[in-house]
Amino acid sequence: MNPGDPDPLRGSLQPYYNQGHHDGSIVVDDWAGGIPETRAQLPSVRIGRRWFSTLWLIPLGAVGLVLSIAVVREIAHYQWYHEFIAAYPGTSMQYVQPVESGFPWWLRWQHFFNLLFMMFIIRAGLQILADHPRLYLNAGSKPDTEWMRLRGPVPADRRDSADAENIWTAKEDSVALPKQLGIPGFRHSIGLARWWHFSFDLLWLINGLIFVVLLFSTDQWKRLVPTSFDVFPNAVSTALQYLSLQLPENAGFSTYNALQLIAYFLTVFIAAPLAFITGLLQAPSIAGKFGTGAGLLNRQVVRTIHFGVLVWMLIFIAMHTLMIFITGFVGNVNHITLGTNTNSWWGVALYVAWMAVVVGFWWVASPLTTKHPRLIQRAGQATVGWLKGLLERTNPSADYSEDDISPYFWTNGEKPESEEFRRLKETDWADYRLRVDGLVDNPLELSYPQLLALPHQDQITQHFCIQGWSGIAKWCGVPMSVICEMARPQAEAKWVVFYSFADGPEGGRYYDCHPLANMFHHQTILAYEMNGEPLNVSHGAPLRLRDEVELGFKQVKWIESIEFVASFDHLGAGQGGYNEDQEFYGYRMPI
Ligand SMILES: Nc1nc2c(c(=O)[nH]1)N[C@H]1C(S)=C(S)[C@@H](COP(=O)(O)O)O[C@H]1N2
Ligand SMILES: [Mo]
């Protein structure tokens, strides 16, 4: 065990902190250093300077619907209305050919798996949102500039990053969700939620790709792809017929009505790919490669679009389910379960069985995650960890301009509390020595002036906190490649451990491991300046890592020492870093 390790640094690492629960399950009251549960509020939206609860959408929607029905039922008295409906019946053969093959077995099963996977994706996605419960359109995530939020404003007296004692951290900003809504529900559980989200994303994408291939290798594409612009007046016609409360004919076994067709087309061919692309663009490895951090496609914009896709999907699922129920329920579920154009009760029975499976998985997801978090981490790592790791190879190079520097930069983490650190800071790092050792031919001890005298570089890059906020800053420091050149890592060295002066919220030293290859990326530096000033304590003085291919939590602040190792199995709980050990993050985090 690490606490017995004679090496003072390794000995200061904490094996998994599980306060009383020796089976490794999570005690929610102790989680993340015991931050009290703060529940998410219903989303509110900013219009100008005022905030409105989305609860207003319920009465507004109801009034809008009633008024629309009233208007359409009035215009249905006119002759031209009937001529329009006769010309464009909404289920016309003009815009699409009927499908001959009904609902083949693959389509029915894929529909079921799609539903099951999306349940996990949506719930885990909401949990991820709750970890930084604000949506912005600017790359810097400045408080009060958000357009949507799930909690009140950042306290005005706790925003100043020069005031290191009392700064409002992003972790404090996270909120909890009911455990039957998010996965796993409790506050700051993003590490676990991401395993669910990404693992099921992969399964969902595979399912979707197979679906599209089969769609176009059979006649099933005719269900979803309009072949004439006539689909638009027909969609208007369908909408009018619904609003007049005269439901259009349901010929769903062979053709969908025009409104349905457009909704399905948008969902499959626009919304789903958009979810994938806007997911990827939130990653440091992708944004740093393509330089999208500062422009129109910056992380906060794509995060907003990603959320927009969620809203679309929720509306789609609600309308789709409503229509299944009100346009001939038994027939509809026969189509999608048995694949027959019948009204058999067996179809209903199969539908109920499928839904019971979904509800069963729904029910166990959160308790399972709380009970066996390490299992979720391992299963996630096995499913998508390797794929995520591939993105480390992008070696990002985006360098933004001075104008892009964010006016506000969030803070995270627990500052060093030791007497030693206080003394080092008070004497302006006069006695600070950076130790570089482990599997190297030439161990180093570098004083602060020696570090400043080494070759250095400036870079203006975007920081991507796992929680969702981002910020652009100018960093200046020593490239890790220079340190490597001096220390000369041995052939067995595969990982580089950065030890902090600070402890993490659960106790034990904060540390993180990076693949050796990342040290040779040209934007991996030990930064001692931020935005042209010496780094302040909030942001990691005297030294903090910038490894721009990785997420924020891997950018260790207050670096005390660097060690080259062959593997990290023997460090802490053996997961590759503090958050990996205590909060079940992955150790490769280029996304
Ligand atoms: N020692 C230490 N380093 C740390 C952390 C921490 O808690 N302790 N938090 C990490 C996280 S989660 C983020 S997002 C960044 C935040 O850096 P900033 O406070 O300069 O914005 O620091 C990282 N480095
Ligand atoms: Mo973070």
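## Overall architecture

Helices, taken as H or I and at least four residues long, and strands, taken as E and at least two, are DSSP runs numbered from the N terminus. On this basis the protein, which is a predicted model, has 18 helices and 14 strands. Its radius of gyration is 28 Å, close to the 25 Å that the globule rule gives for 591 residues, so the protein is as compact as a globular protein of that length. Along the principal axes, the C-alpha atoms fill a box of roughly 90 × 45 × 40 Å.

Of the 591 residues, 53% count as buried. The accessible surface of the protein comes to about 25900 Å², and carbon and sulfur atoms account for 64% of this area. If one takes the contacts between residues at least 6 apart in sequence, 74% of them join residues at least 24 apart.

In soluble globular proteins, nonpolar side chains tend to be buried together. In this model the largest nonpolar core has 123 residues, and the members with the most contacts inside it are L434, F498, L526 and I562. Helix α5, which spans residues 105-131, gives the most to this core, with 13 residues.

The surroundings of F498 can be listed in detail. With its neighbours within four places in sequence left aside, F498 is in contact with M480, Y510, Y511, D512, H514, M519, L526, L545, V556, I559, S561 and I562. Two of these partners, L526 and I562, are themselves named with F498 among the residues that have the most contacts inside the largest core.

## The ligand site

There are 20 residues around ligand 1, and those that come nearest are W410, G413, H539, Q555 and K557. On the backbone side, an N or O atom of W410 lies 2.6 Å from an oxygen atom of ligand 1. On the side-chain side, an N or O atom of K557 is 2.5 Å from a ligand oxygen, and a polar atom of R544 lies 3.0 Å from an oxygen atom of the ligand. Taken alone, ligand 1 exposes 530 Å², and the protein buries 100% of that area.

## Cis peptide bonds and positive phi angles

Most residues other than glycine have a negative phi, and most peptide bonds are trans. The peptide bond from I183 to P184 is cis, with omega near 0°. P184 is placed in the loop between α6 (170-173) and α7 (190-217). The bond from A541 to P542 is also cis, with omega near 5°. P542 is found in the loop between β12 (533-534) and β13 (544-547).

L245 is a residue other than glycine with a positive phi, near 65°. Its place is the loop between α8 (231-243) and α9 (258-280). The relative accessible area of L245 is 51%, and exposed means over 50%, so this residue is exposed. R488 is not a glycine either, yet its phi is positive, at about 55°. R488 lies in the loop between α17 (480-487) and β9 (495-503). With a relative accessible area of 45%, R488 is partly exposed.

## Buried loop residues

T292 is found in the loop between α10 (284-290) and α11 (299-326). Its relative accessible area is 13%, and buried means under 20%, so T292 is buried. Apart from its neighbours within four places in sequence, T292 is in contact with L281, A287, L297, N298 and Y400.

G90 belongs to the loop between α4 (79-87) and α5. This glycine counts as buried, at 0% relative accessibility. Beyond its neighbours within four places in sequence, G90 is in contact with Y95, N234, S237, T238, N257 and A258. From C-alpha to C-alpha, G90 and W109 are 28 Å apart in space, and 19 residues separate them in sequence.

Key:
Residues are numbered from 1 along each chain as its sequence is written. Chains are lettered from A and ligands numbered from 1 in the order in which they are written. This is a predicted model: local features need pLDDT of at least 70, side-chain atom pairs count only at pLDDT 80 or more; totals for chains, interfaces and linings use all residues. Side-chain values use heavy atoms; hydrogens and water are left out. A nonpolar core is a set of buried Ala, Val, Leu, Ile, Met, Phe, Trp, Tyr and Cys residues joined through side-chain atoms within 4.5 Å. Buried means under 20% relative accessible area, exposed over 50%, partly exposed in between (1.4 Å probe, protein chains only). Contact means heavy atoms within 4.5 Å. A residue is near a molecule or strand if one of its heavy atoms lies within 4 Å of it. A polar contact is a pair of N or O atoms within 3.5 Å; within protein, one must be able to donate a hydrogen and the other to accept it, and residues adjacent in sequence count only if both atoms are side-chain atoms. Accessible areas come from the Shrake-Rupley method with a 1.4 Å probe; for residues, only the protein chains shown count as cover. The radius of gyration is taken over C-alpha atoms; the globule rule is 2.2 Å times the number of residues to the power 0.38.
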